[in-house]
Amino acid sequence: MSLNVLLVDDSITVRSVMEKTLHLAGIQTNMVLHAANGKEALDILGKEWVDLIFADINMPVMNGVEMIEKMSHDGLMKTIPVVVVSTEGSQTRIEQLKDKGITAYIRKPFQPEDFKAIVDDLTGLNNAA
Amino acid sequence: MQLETQQPMTDVFCRVMESLAFYFVDPVNKADVNIHALDMPYRQLSMRFEGPHHGSLVMYIPQSMTPVIWANMLGVDESEAHDAEQQNDAIRELLNVICGQTLTELWGTEPVFNLHVPQLQDLDKVSLAHTLTRPSTCCFSSDDGIILLEIHVDETC
């Protein structure tokens, strides 16, 4: 199953490393799209079909929380899983994000296994056995 | 405060440098550092944090280290390092991760902190001797030279 993935982070380095990590994790992608903030991500979501989003929280213009809130008001966008990838270590903040509807959380620095475990869960591979 | 921050900061720094930048550093005793080893162009990166504790984390790295970090993070050859802004982006992200991990190491996973955008400044052969003497400064050796890391805590709410 090939996925259309959207990577949202204001750091081009992080987006590049995430894309490389997806490949290292053996995750098959059809299209990998990049956005530097929540606003750019919403623009892309208005034009392209995306299966999965990996997004940072702290970003200029529109942060990750605002992006998730705006997605929740759109019938189609609110069905797209959002995985937050952040340096954030506060369980309090992570619980707040889960209440807002994020699917999962990965803390930086990340490993390919972190991405693989989440994608396997989302695509049902972990339940296949 | 100084005694409580040194070991956690050292642990976090070594761990993140290795896992994110594939860059190996060794903690060194400040008293053993030859002050002339700092007599080279440096870059100062600082990141402010606000929450139950306010302050900033500051890192001083040799300027020659920037393209190495960028190349290591992206898994490309250092000779491909042409875009200064992309290299700056890489070391800002490095400090971002170090800061996030340090705050958790120092104060646990309950507090919520807001992190500001890392600020970057070139230091041309400025004396870092005073930084070396501050109690909260951690010191590391690397292939590119001495690296300094210090934390300033303004206040406790």
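Colleague: In which helix do Lys116(A) and Asp120(A) both lie?

Modeller: This is a predicted model, in which local features need pLDDT of at least 70, side-chain atom pairs count only at pLDDT 80 or more, and totals for chains, interfaces and linings use all residues. Residues are numbered from 1 along each chain as its sequence is written, chains are lettered from A in the order in which they are written, and side-chain values use heavy atoms, without hydrogens and water. Lys116(A) and Asp120(A) are four residues apart, about one turn of the helix; helices are DSSP runs (H or I, at least four residues) and strands likewise (E, at least two), numbered from the N terminus. Both residues lie in α5 (residues 112-123) of chain A.

Colleague: How far apart are N and O where the side chains of Lys116(A) and Asp120(A) meet?

Modeller: Side chains of opposite charge can pair when their charged atoms come close. A salt bridge requires a side-chain nitrogen of Lys or Arg within 4 Å of a carboxyl oxygen of Asp or Glu. Lys116(A) and Asp120(A) form such a bridge, with an N to O distance of 3.1 Å.

Colleague: Is Asp120(A) buried or exposed?

Modeller: Buried means under 20% relative accessible area, exposed over 50%, and partly exposed in between (1.4 Å probe, protein chains only). Lys116(A), at 37%, is partly exposed. Asp120(A) has 11% relative accessibility and therefore counts as buried.

Colleague: Which residue of chain A meets Glu93(B) in a salt bridge?

Modeller: Across the interface of chain A and chain B, the rule finds one salt bridge. At 3.1 Å from N to O, the partner of Glu93(B) is Lys108(A).
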